[in-house]
Amino acid sequence: MIKLPQLPDPVANLIRAHDGPLTRQLLQSPGGFGLGKVPDHIKPDATTTMVCGFCSTGCGLNIHLQNGEAVNLTPDTNYPVNLGMACPKGWEALAVLDAPDRATTPMIRRNGRLEPVDWDTALKHFVERFGEVMAKHGPESVAFLSTGQIPTEEMVMLGALAKFGMGMIHGDGNTRQCMATAATAYKQSFGFDAPPYTYKDFEESDVMMFVGANPCIAHPIMWERVLKNPYDPTIIVVDPRKTETAMCATHHLPIAPKSDLTLFYGLAHLLISRGLINSGYITAHTTGFDAFAEHVAEYTPDIVAAKTGIDEATLRRVARAIGEGERVSIWWTMGVNQSYEGTRVAQALINLALMTGNMGRPGTGANSITGQCNAMGSRLFSNTTNLLGHHDFTSAMDRAKVAGVLGIPASRIPSVNSLAYDQIIEGIALDKIKGLWVIATNTSHSWINQKHARSVLDKLDFLVVQDMYHTTDTAKQAHLVLPAAAWGEKEGTFINSERRIGLIKKVRKAPGQALADFHIFKLIAHYWGCGAMFEKWKTPEDVFQTMKELSRGQTCDITGILDYAMLDRAGGIQWPYPESMTPKSEYDAGTGRVHTQAFEAIYTERRLFEDGVYPHADGRAKFIFEAPRPMPEQPDATYPMILLTGRGTASQWHTQTRTGKSAVLRKLYPQGIYIEINPVDARRLEIQHEKPVVVESRRGRITAKAFLTASVREGQVFIPMHYDTANLLTSSSFDPYSRQPNYKACAVSVRPVRYGDMDGQEASR
Amino acid sequence: MIRPANATLTIDGLPLIDEALDEQGRMTAVERFSKAHDHGSTPMQERYYRDLLPASPPGPGQQYAFEVDLDACSGCKACVTACHNLNGLDETETWRDVGLLVGGPMDEPVHQHVTSACHHCVEPACMDGCPVKAYEKDPVTGIVRHLDDQCIGCQYCVLKCPYDVPKYNKAKGIVRKCDMCSQRLEVGEAPACVQACPNEAIRIRVVDKQEVIESSEYASLVPGAADPDYTLPTTTYKTDRVLPRNLLPANYYAVKPEHAHFPLVVMLVLTQASVGALLIEHILRLIVGGSLLDAIRPIHSASAMALGGLALASSTMHLGRPMYAFRAFIGLRTSWLSREIVAFGGFAKLAAAYALVSWFLPDWVGVQTALGIGAVIAGIVGVFCSAMIYHDTRRAFWNISMTGTKFFATMLVVGIPAALATSMAATFVDPDLTVQQIMDKWGYGLCGSLIVVSTLKLMFEATVFMNLKDRRHTPMKRTAILMTDALLGVTLRRFALGLLGGVVIPGVLLIDLLNPATSFSPTTIVAAIGLTLVLNLVAELHERYQFFTAVISPKMPGGVM
């Protein structure tokens, strides 16, 4: 060791610097507000909590503020959803707000290019063009596509403005792509779109079955709750792929794609034949069991084994686990919902829960895990499939009730149902719909059979895209782009998977002239000439007060939530929350009393149907079933493989519109599209690790990098949906009840890239 | 309510737009909702990480270490983002990585995510390699800390670390890395990653260094990680399962060219050319001797000095903070980079003195020779240190037998044409010298020597392609794949230029010697020699570019590329 002589400090520091400006850049200091140490340069002077704006888990985030603006965030330690944790998307939620391609002014397409204009010009353009189309072709010639990504208050405004103000008949949302099946299944089975569970159920089950769900990747914080389960639960995973979740399972059932309905009827058959059903519950709380039992009688283990590829012994083991479990919960997500017969599959799962009496108790339930942060808000308040507040457009009584709450003539409310998303797209294709208003979604990337979808959008006389970025695939096709403020730049509420209403707050300034959708809708109403209708909604919280009235007497009654401040104090509140539940202390909150411990203990985690009474008129849940149908597109000699799609990583969200804007998130997932293929198939097809392959379906051809893994079975391949070419392959087929697209299975061929393949325009896009 | 199409003209929406924009700009969350109350000194999150920290600090022979429960990690990567946010890192900067291992039997495939940051090694290679001692291993906690203000941005630690831990921050001109959140640990708080893992898969524990040494005897940290014997990494990856033998990193078959480090490419080739030119001169002095050599001495020594100066200037361009390069001597005891800098520092001074004396004191022949020999010795030591710098990173392609051979061969492959060229240049200065005279005396000899060394060097370099036949995907096989795939153009150019400059042109000159019927004019010979020098220089720059880009650097398992 070279011993330096004792030198004066500046000299010693010059030769070996232990401290200095660079070192101090990483200095940490106590953050206060219960935070622990934080980077010194972004030490907060205040904090506030709000819910995350990516997925439906609805995690609480603690926003670190300096001079009122967010500088950093950490997961909210006390929020009952996420217990101090967040996935990478949540951690990076602020970073994506700073992207250079944020829409900062309205833009009108002139000479093929989007050019910035002021709001007055844009709004006049909006009402003129939509006005022209509607005047010429009637109210059914325009439509809107809403989203599960904006606060419920804004959904209410959009739905009311478009249908009651502007006179549109048709409007749907991107929730059609994720939750329509679950909503339809619940509505038919229970009488109301009511996911019955609370996240605590993850911790209280002794048997859990995940169907078409990969929470490890898609809902990491829900998986956190599963791992907190102290009962060493039996975990059954039904998924054609050996997903991360399947790898943690006690039993993984890698069923043949789309043999799920057969599987669950087969399990029902086994449960009945072994007497592992709860007859008391069936008799007291359900209808239609006998017909169902008769229906499943033919689903004997040998038949089911042949169809699903799961051996009889495993079927029996799984049936026994479900039948003998004390607290069995069944969880599903897109693997069920995004299917041509998803509604019946979801109901097959509901049937399993009903027949074993696994409803309304801790750790039970037939539970749909939602996708988007506010898909659940959309299901109740988007005014698309349902009239505001889960009412019925075709019911005069419901129309009168809603008209009364809004203070508008009932005649303003359409008495017919809206077209669904796919029907709107086909309406455009058939020249029936000529104007479309797309809010916070990315049809050109996410809609099934993408080439068709894009060409259809190109046919429109007028396409308006309202989004936080002007660079989405859909915005690139728009005639008018309206710049929207994002999550974190406005107020409102989201409803998460477990029906918890959580608050979002304004903690960042929106860039340039971007405005909250709330403001945009108010302005459009004014320019359209129906501003008076929305006069009383001065703030999103005013809309929230209207939502309460709309929910009065419904299964989703939230009249007991006084205001945003109460939501903030309570850490979110699950619906239903009727007036009768409001604790006395809440009424005193204005005078300085804070909520009591008892409030938290009683109200933070609640589940539905504890009394076995369902929203159907007779108070009973229905057994609904139907014979399985074959997959719409079967593999054949030309397209011999089945393409599965799904989520790639926890760091990617849907079309990557936002997650692609964070440099850190981008590091955490593969940048280019890749295809998972079984090594046996790869060997046969002479496909090598990491080499590009051509994937082709009847609708399109793409190139992707090969990732060889036995997690996909032979004859199947998997492509993550986040990459913009994935939907060039998928095929337009839909569930007849929910109209949800069948994203998960279509026929493709795969081969190595040959010389000249890269020149293809689709392949290189 | 369908609007008539002509109704817009009467709308006055401007006040409403202004109101909306005004409202949008007002920040209200604080006054409406912020939590004004401070929760005291204990962080709220403490309830989740309390059990993930050791009960007592390390004793003698012990240190802190990360422990990762592979069975609990679901691959969400929250640890990476938490580290980024809670350390206040730059926009694109991350200190933690999560890779993926793939394998298992067909019916029971395994995807195992692997999170890693600094392994706070018992013998940190980053620290040993640092020329300015910008690393410290805390004597109590064992945490390997980087002294940001001491760093000169040479990035040698990036090459030294077999786990890709130190991350170069170009904007700041320094390297930064994980310090196990030592500021947090000091006050009993958990590191960011530990606090943030939803599944409690990362914890801090106290390990016995002796245990680390023992467990580094055979098994690597996880499949695909570097041989632990090099640095003795302290992280423990635990699992209750038996990991399948065929588990491989998801990026195992992906090969990607590494960073080219252009200033280093130039610096290495030019220092070697400079030392080589002086060496050749002194060899000639031994073999042919005589006054003819003395006549070329001034211009030769000056040229060599110029090449060396250019090389050293280029090397400083590689540094993020060259103004602190003077600190480089303090790492002499452990760092080959430090030694190289000192050796080449000596070389530069001796070469300069040699050139000055040769120009201005032409009669001091003895002093000239002494200075020249001194410069050659210092230069050869420097070139050896250069080779050791790369050998010391334990990368197969940079092994001393490969690197040393290449570097010393470059001395000759460029040194010979450089000596020839300076000899020719001398004919322009000194009217008594003729081209043919020099060619006869040593020119043809040098041409022959050049053909021999160039051929040998090219053949030696070509042996790398034999690795293409390896059954295993060894680092050398990957290097060969890179050179024949992504870097194929460079490879072809390198061999073409090398053949042309090192074999064909000197060959043509030799044929001229053997065949008296044809005789090149002096101008042709001078031009041919000039061309040889340029071609060989460019060829060696190509070789050195591949030296950096085709090397396979050890890393923790990566994800799907």
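Which residue stands opposite A:Ile642 in strand 28 of chain A? The residue in that place is A:Ala747. The structure is a predicted model, in which local features need pLDDT of at least 70 and side-chain atom pairs count only at pLDDT 80 or more, while totals for chains, interfaces and linings use all residues. Residues are numbered from 1 along each chain as its sequence is written, and chains are lettered from A and ligands numbered from 1 in the order in which they are written.

Strands here are DSSP runs of E with at least two residues, helices are DSSP runs of H or I with at least four residues, and both are numbered from the N terminus. Two strands count as paired if DSSP finds at least two bridges between them. Strand 23 (residues 641–646) and strand 28 (residues 746–752) of chain A are joined by 3 bridges in the antiparallel sense. In chain A, 6 strands form a closed barrel in the order 23-27-24-26-25-28, and the pairing is mixed. On average, neighbouring strands of this sheet are turned by 45° against each other, direction ignored; the axes are lines fitted to C-alpha atoms (for helices over the stretch in contact), and angles between N-to-C directions run from 0 to 180 degrees.

Chain A is divided into domain 1 (9–86), domain 2 (107–178 + 374–555), domain 3 (196–369), domain 4 (556–607) and domain 5 (641–764). These bounds come from an automatic or database domain assignment. Between the C-alpha centres of domain 1 and domain 2 of chain A there are 36 Å. Contact between two residues means that their C-beta atoms, placed from the backbone, lie within 7 Å. By this criterion, domain 1 of chain A has 12 residues in contact with 15 residues of domain 2 of chain A. On the domain 1 side, two or more residues each come from strand 3 (46–51), strand 4 (60–66) and strand 5 (69–75) of chain A. Strand 3 of chain A gives the most, with 3 residues. This side of domain 1 of chain A has 6 nonpolar, 5 polar and 1 charged residues. In this classification Ala, Val, Leu, Ile, Met, Phe, Trp, Tyr, Cys and Pro are nonpolar, Asp, Glu, Lys and Arg are charged, and the others, Gly among them, are polar.

Strand 9 of chain A runs parallel to strand 8 (residues 142–146) of chain A, with 4 bridges between them. A:Gly171 in strand 9 is the bridge partner of A:Phe144.

A nonpolar core is a set of buried Ala, Val, Leu, Ile, Met, Phe, Trp, Tyr and Cys residues joined through C-beta atoms within 7 Å. The largest such core has 403 residues, of which A:Leu267, A:Leu349 and A:Ile675 touch the most other members. Leaving aside residues up to four places away in sequence, the residues touched by A:Ile675 include A:Val693, A:Ala706, A:Phe718 and A:Ile719.

Chain B contains domain 1 (48–249) and domain 2 (262–549). The centres of the two, taken over C-alpha atoms, are separated by 41 Å. Their contact takes 17 residues from domain 1 of chain B and 18 residues from domain 2 of chain B. Helix 5 (125–129) and helix 6 (156–160) of chain B are the elements that give two or more residues to the domain 1 side, and helix 6 of chain B gives the most, with 3 residues.

An open sheet of 3 strands in chain B has the order 8-1-9 and mixed pairing. Strand 8 (202–208) and strand 9 (236–238) of chain B are the edge strands, each pairing on one side only. Strand 1 (residues 62–69) and strand 9 of chain B run parallel and are joined by 3 bridges. B:Val68 has B:Tyr237 as its bridge partner in strand 9 of chain B.

The contact between the chains takes 93 residues from chain A and 73 residues from chain B. Among the elements of chain B that each supply at least two residues to this side are helix 1 (14–25) and helix 4 (78–86). Helix 4 of chain B is largely enclosed by the rest of the structure, because 9 of its 9 residues are buried.

Terms used
A residue is buried if 20 or more other C-beta atoms lie within 10 Å of its own, exposed if 12 or fewer, and partly exposed in between; C-beta atoms are placed from the backbone.
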